[in-house]
Amino acid sequence: MQYLISSILGLALGSIPTTYLLLKKYKGIDITNAGSGNVGAMNSYEVTNSKKIGLVVLLVDSLKGFISAWLTIHIFGNFFIYPVLALLFSIFGHCFNPWLNFKGGRGLATAAGGAILIFPYMLFVWIIVWILIYLLKKDILFANIFATILSLFTIFITEQIALKFAYPKPNSVGELMLLSTCGLFIIFIKHIEPLKEIISKKLEK
């Protein structure tokens with residue numbers, strides 16, 4: 001039952017269409033049909049040309065992940081599986097929002113919000129890798145994609161450090177790796193189209 005409650009809680013929080021409602025109310029914009037159609041901070045900023053809106057969207061999306069993980073820890077105690085399940089379903093609900101015809105954001109902010117609480121090491125690694133790649137390529141989407149891939153490999157080769165800085169403590173390295181892979185896989189799926197565009201542009205040159 002705890003597994004089900006954690007999953008439903010995360011899905012319910014993650015699928016709240018906050019960005020859509022915010023832009024519809026204050027800007028009269030349907031974000032699902034504007035710009036890239038992505039329901040996240042980057043597209044919100046690009047469509048509205050407002051840093052304030054972009055930051056608000058980033059914060060709210062992060063809170064979805066944070067609150068999902070935080071609530072399950074306070075409901076069920078210090079068991080790793082429950083907050084991670086809540087976070088995974090929060091990311092999924094945000095990325096494939098059932099209230100927006102399964103459109104959504106790319107999940108990075110929501111994942112980061114939960115990771116701050118339960119897996120700060122992965123967030124730290126992701127940010128460092130992202131900065132290095134962005135400095136080399138000067139492309140946000142490129143950095144997003146490859147930071148997601150490379151951070152997972154980094155976690156695999158530093159698994160004992162990753163285990164040490166996870167909270168609550170996982171039952172095993174295998175559990176930690178499996179659940180981390182699931183989260184990053186959801187995020188990667190949402191970046192497949194941008195990846196195709198990047199490859200297409202490279203081939204055209």
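How do the residues lining the largest pocket divide into nonpolar, polar and charged? The lining splits into 27 nonpolar, 14 polar and 4 charged residues. Here Ala, Val, Leu, Ile, Met, Phe, Trp, Tyr, Cys and Pro count as nonpolar, Asp, Glu, Lys and Arg as charged, and the others, Gly among them, as polar.

## Before you start

This is a predicted model, in which local features need pLDDT of at least 70 and side-chain atom pairs count only at pLDDT 80 or more, while totals for chains, interfaces and linings use all residues. Residues are numbered from 1 along each chain as its sequence is written, and side-chain values use heavy atoms, with hydrogens and water left out.

## The largest pocket

The largest pocket has a volume of about 1100 Å³. A pocket is an open set of points on a 1 Å grid over the protein atoms alone, with protein on both sides within 12 Å along at least five of seven lines; lining residues have an atom within 4 Å of a point. Grid points are joined across faces, edges and corners, and the volume is the space filled by probe spheres set on the points.

Of the 45 lining residues, Leu58, Leu108, Ala109, Ala112 and Trp126 lie nearest the centre. Helix H6 provides the largest share of this lining, 7 residues. Helices are DSSP runs (H or I, at least four residues), numbered from the N terminus.

About 40 Å³ of space lies in the largest cavity, and its lining has 4 nonpolar, 6 polar and 2 charged residues. Lys64, His94 and Lys103 are among the residues that line the cavity.

## The nonpolar cores

A nonpolar core is a set of buried Ala, Val, Leu, Ile, Met, Phe, Trp, Tyr and Cys residues joined through side-chain atoms within 4.5 Å. Buried means under 20% relative accessible area, exposed over 50%, and partly exposed in between (1.4 Å probe, protein chains only). In the largest core, with 39 residues, Ile91, Ile118, Phe119, Ile155, Ala162 and Leu176 touch the most other members. H5 gives the most to this core, with 8 residues.

Ile155 touches Phe119, Tyr121, Met122, Val125, Ala162 and Met177, leaving out residues up to four places away in sequence; contact means heavy atoms within 4.5 Å. A second, separate core of 9 residues includes Ile29, Ala34, Ile53 and Val57.

## Two residues to look up

Ser62 lies in helix H4 and counts as buried because its relative accessibility is 18%. The Ser62 side chain reaches the backbone oxygen of Ala109 at 3.3 Å. Beyond its neighbours within four places in sequence, Ser62 is in contact with Ala109, Thr110, Gly113 and Gly114.

Phe102 is found in the loop between H5 and H6, and is exposed, with a relative accessible area of 53%. Setting aside neighbours within four places in sequence, Phe102 is in contact with Cys95, Phe96 and Asn97. The C-alpha atoms of Phe102 and Gln160 are separated by 37 Å.

Key
Helices (H or I, at least four residues) and strands (E, at least two) are DSSP runs, numbered from the N terminus. A polar contact is a pair of N or O atoms within 3.5 Å; within protein, one must be able to donate a hydrogen and the other to accept it, and residues adjacent in sequence count only if both atoms are side-chain atoms. On a 1 Å grid over the protein atoms alone, a cavity is a set of points where a 1.4 Å probe fits but cannot get out, and a pocket is an open set with protein on both sides within 12 Å along at least five of seven lines; lining residues have an atom within 4 Å of a point.
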